Each structure stands twice: as C-alpha cells, then as structure tokens.
Amino acid sequence: MRSPGSDSESARHVDESSASWNTVALRDVDYGYRRNPGVLRDLSWAVPPGSRTVLLGPNGAGKSTLMKILAGVLDPVQGSVAATVGGRGISGRARRKVVAWMPQDVVPVPGLTVLEQVTYAGWLSGLTTSEASRRAPHALEQVRLNDLAQRRADQISGGQLRRLGLAEVLVRDSSVLLLDEPTAGLDPAQRLAFRQLLQTCPRTLVVSTHQLDDIDTVFDRVVMLVAGRIRFDGTTSEFFSIAGERGGADAEAVFAAFVGDGSH
Ligand SMILES: Nc1ncnc2c1ncn2[C@@H]1O[C@H](COP(=O)(O)OP(=O)(O)OP(=O)(O)O)[C@@H](O)[C@H]1O
C-alpha cells in the first residue's frame with residue numbers, strides 16, 4: 001500500500017467536532033455527457049448539514065450524475081462545486097476526504113477478501129493502515145457482513161456486494177455520505193436493517209432510491225429531481241403534506257404528480 005498523500009493529511013486537520021457544519025454545494029451547475037447533453041441544467045443545491053435527504057426522481061433524471069458531481073468524480077461543464085468544513089471552504093481534493101460516495105455499481109477487488117476490501121477502502125480514503133484495520137470489522141458488523149469477512153469479495157452475491165459497498169463508505173470518517181441506490185437488490189430483512197442503520201447514523205446523508213416505503217421514518221428532507229432540475233426541495237412532512245392536499249395520496253402518487261403533470 002502506498003502511504004496516504006498530503007491531500008489526506010491536510011484533510012485530517014479538519015475539525016471533525018464541527019462536522020455538523022460540513023457541506024458541499026453546487027451553484028448554477030450544468031452537466032452533460034458527450035452523447036447526452038443537458039443532463040443537469042442550471043442546478044443549485046447545498047447538502048443540508050446534519051440532515052438525512054432522500055433524492056427521488058424517475059429513471060434518467062440525473063440523480064447519479066448529481067451525486068458524482070457532489071463527490072468530485074465528475075466536474076461540471078458550467079457552474080461550481082464548493083465544500084465547507086466548519087464553515088471554511090476546502091479544496092476540491094480535500095473534499096474527497098469529507099464526502100464519501102457509494103456508487104450504484106459496487107466493484108469487487110479481485111483477490112481481496114471482504115474484510116481486506118473494506119480495510120483497503122478506508123486506507124484509500126486517508127486513514128492510516130492501523131485505523132483502517134481497526135474500523136473495518138465494525139463497518140462489516142454495521143452491514144451484517146461480518147460472517148463473510150474472510151470470503152473473497154468476487155465470490156459474494158449481488159445483495160452482499162451492495163452491503164460491502166456500504167461498508168466501504170462507513171469505514172471512512174467522512175461526515176457526508178452519498179449513497180446511490182444502496183437498497184437495490186437487498187432482501188426485505190436487509191432493507192429493514194439498512195433503514196435502522198440510517199436512523200442511527202450520525203452523519204449527513206444523501207440517499208437516492210426508488211423505494212418510497214417508509215421514507216418518512218428515515219429521512220427529514222426530500223429532493224425530487226426531474227429532467228435534470230430540482231422540482232421539489234423541502235422537509236419530508238412538506239412532501240407528505242402535498243399527499244394530504246391530494247386527498248391522502250401516498251408517496252408514489254405524489255412522486256407521479258411531480259413527474260407527470262408538473263403542477264408542483
Ligand atoms: N456515461 C454516460 N454517457 C452518456 N450518457 C449518460 C452516461 N451516464 C448517464 N447518462 C445519461 O444521463 C442521464 C442521467 O443519468 P443518471 O444515471 O444520472 O440518472 P438517474 O436519475 O441516476 O437514473 P436511474 O434512476 O435510472 O439510476 C440519462 O439520460 C442517462 O442515459
């Protein structure tokens with residue numbers, strides 16, 4: 001393993017006691033792919049510090065693209081991304097220490113065990129080898145994968161791989177976690193365990209999902225992205241009050257209304 005670079009060292013000096021102030025914000029961001037321009041359009045949004053935000057939107061709305069830009073994996077074509085820690089701006093490279101991203105497709109590292117892959121992810125994020133080794137078993141316990149710690153990562157099921165991806169994020173000491181469809185492919189018991197984990201997770205969360213059941217028990221904010229623009233940004237109770245206005249419609253009906261008729 002190479003030793004963590006100066007980037008991680010500078011981020012280590014971040015005052016984690018003020019982590020509730022840590023945020024990342026987009027201003028007037030446009031993004032498009034070469035063959036697919038206009039995916040995000042003039043988008044401004046700041047991750048609310050200390051909150052649990054669920055990111056909703058139809059297929060192709062731009063949720064994954066938005067997360068990749070927040071995580072620093074993609075750079076906007078126009079506009080800017082700024083992260084603040086304890087109220088102070090930090091560099092784009094230091095942002096990768098503060099913001100952890102779980103992609104939609106978790107990739108097993110050939111030849112590594114589940115435990116080694118999580119340890120490696122922690123080390124790559126800037127933890128020392130001993131810190132990463134100390135934290136990895138706990139991260140595996142949090143996603144209930146400790147029984148498979150010694151299994152090769154490329155020999156586990158799709159749902160188990162997803163939980164491994166989540167452990168790779170939890171092992172880091174990042175204060176902002178971006179989770180792209182973390183419950184896709186999880187069985188009902190694991191989805192319940194995941195919800196319980198999020199309810200007690202003391203970090204800022206942004207989670208994209210197509211599963212609308214129980215969002216009010218986990219998340220305090222809802223962002224709805226439609227065709228690359230934010231159509232709704234508010235508290236979960238504001239989201240559900242729209243359901244009330246619609247005669248007690250459920251979350252799916254509110255979702256469909258935002259996507260379909262543009263009346264909100
Ligand atoms: N690498 C790429 N090259 C070209 N177009 C892309 C690429 N990745 C995504 N897109 C396109 O960008 C748009 C937004 O995709 P994105 O994956 O961000 O949407 P999403 O809201 O996460 O969708 P889903 O709910 O289906 O995961 C889609 O039209 C998609 O086809």
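Which residues of α5 are buried? The views below take up this helix, its neighbour and the ligand site. This is a predicted model, in which local features need pLDDT of at least 70, side-chain atom pairs count only at pLDDT 80 or more, and totals for chains, interfaces and linings use all residues. Residues are numbered from 1 along each chain as its sequence is written.

**View 1. The buried residues of α5 are Ala132, Ala136, Ala139 and Leu140.** Buried means that 20 or more other C-beta atoms, placed from the backbone, lie within 10 Å of the residue's own. Their cover includes α4 (114-124) and α6 (158-170). Contact means C-beta atoms within 7 Å. Helices (H or I, at least four residues) and strands (E, at least two) are DSSP runs, numbered from the N terminus.

**View 2. α5 bends by about 30° at Arg135.** The bend is the angle between axes fitted to the seven residues ending there and the seven starting there. Pro137 follows within four residues. After the helix comes Arg144, with a positive phi near 55°.

**View 3. In α6, eleven of 13 residues are buried.** Among them are Gln160, Arg162, Arg163 and Glu168. The buried residues pack against β6 (99-102), α4, α5, β7 (176-180) and α7 (188-199).

**View 4. Residues around the ligand include Gly57, Asn59, Gly60, Ala61, Gly62, Lys63, Ser64 and Thr65.** A residue counts as near if its C-beta atom, placed from the backbone, lies within 6 Å. Tyr33, Arg35, Asn36 and Val39 also belong to this shell. The largest share, three residues, comes from α2.

Technical notes. Buried ≥ 20, exposed ≤ 12 C-beta atoms within 10 Å, placed from the backbone. Contact = placed C-beta atoms within 7 Å.
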